Amino acid sequence: MNTDNLITVEELAGRLKMATEGVKKKSGLMKSTVGYMEMVYKYVDRIATAKEQGRLVATHGTQQPLEIYEAMDVVGVFNEFWGVISDLVGMPESVPEALSIAASTGTPLEVCSFFRNMDGLLHAGKWPHTDVFLYATSSCDNVKAFHTLGRRYGIPDFGME
């Protein structure tokens, strides 16, 4: 199993910083493009440096009360966002490779691709350090996915109604 193309949170932060600097030099882009790229970089950098700052990290899905986590000094990793930003910085190979790894662990193809991406990255040790999985009950399969991956990788999970 080859994991060379899988991206770590540190690599992603570095690439986003370079991409942000590159966007600043391009003419003809909307001014908001630079601001957006800076916010994405800061978001990923907070995740990359959370553990060394002694902050807890919670991987979560949609419909989460993020303000509550922030008030408790918990850094959130939005699962669905992760696969998208890998492509943003020129790592289009990362997601397909992670999906392949997830298939090798027995994760069914019917599971949401964002969770299969996370499974592959967790298995390869490339997912950002996570202290807890948080999810809200909804019609999405995230409830079962967070619970199953939590048991698989020894990460506690908590579901909120």
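## Helix 1 against helix 2

In this predicted model, helix 1 (residues 9–25) packs on helix 2 (residues 31–49) at an angle of about 160°. Their axes lie 9 Å apart. That angle makes helix 1 roughly antiparallel to helix 2, since angles over 145 degrees count as roughly antiparallel. The crossing of the two helices is left-handed.

Helix 1 brings Val9, Glu10, Leu12, Ala13, Leu16, Lys17, Ala19, Thr20, Val23 and Lys24 to the contact. From helix 2 come Thr33, Val34, Met37, Glu38, Val40, Tyr41, Val44, Asp45, Ile47 and Ala48. By class, the contact of helix 1 with helix 2 has 13 nonpolar residues, 2 polar ones and 5 charged ones.

## Ala13 within the pair

Ala13 sits in helix 1. Its relative accessible area is 7%, so Ala13 is buried; the cut-off for buried is under 20%. Which residues does Ala13 touch, leaving aside its neighbours within four places in sequence? They are Tyr41, Val44 and Asp45.

## Strand pairs, one by one

Strand 2 pairs with strand 1 in the parallel sense, over 5 bridges. Within this pair, Val57 is opposite Val75 of strand 2.

Strand 1 (residues 56–60) is joined to strand 3 (residues 132–136) by 3 bridges, and the two run parallel. Ala58 has Val132 of strand 3 as its bridge partner.

Strand 3 in turn runs parallel to strand 4, with 4 bridges joining them. Here Phe133 stands opposite Asp157 of strand 4. How many of the 5 residues of strand 3 are buried? The number is 4, and strand 3 is mostly covered.

## Helix 5 across helix 6

The axes of helix 5 and helix 6 come within 7 Å. They cross at roughly 80°. Helix 5 and helix 6 are therefore roughly perpendicular to each other; the range for that description is 65 to 115 degrees.

On the helix 5 side, the contact is made by Ser94, Val95, Ala98, Leu99, Ile101 and Ala102. On the helix 6 side, it is made by Ser113, Arg116, Asn117, Asp119, Gly120, Leu121 and His123. By class, this contact has 6 nonpolar, 5 polar and 2 charged residues.

## Burial of helix 6

Helix 6 (residues 113–123) is mostly covered, with 8 of its 11 residues buried. The buried set is Phe115, Arg116, Asn117, Met118, Asp119, Gly120, Leu121 and Leu122.

Where is Pro92 found? Pro92 is in the loop between helix 4 (79–88) and helix 5 (94–104). Its relative accessible area is 42%, so Pro92 is partly exposed.

Gly125 follows helix 6. The phi of Gly125 is positive, near 75°. Pro92 and Gly125 are 33 residues apart along the chain. Their C-alpha atoms are separated by 18 Å.

Technical notes:
Residues numbered from 1 in each chain as written. Predicted model: local features only at pLDDT ≥ 70, side-chain atom pairs only at ≥ 80, totals over all residues. Heavy atoms only, no water. Axes fitted to C-alpha atoms, helices over the stretch in contact; angles between N-to-C directions. Parallel < 35°, antiparallel > 145°, perpendicular 65-115°, else oblique. Left-handed = near helix turned anticlockwise from the far one by under 90°. Contact = heavy atoms within 4.5 Å. Nonpolar A, V, L, I, M, F, W, Y, C, P; charged D, E, K, R; others polar. Buried < 20%, exposed > 50% of the residue type's maximum accessible area, 1.4 Å probe, protein only. Pairing = 2+ DSSP bridges.
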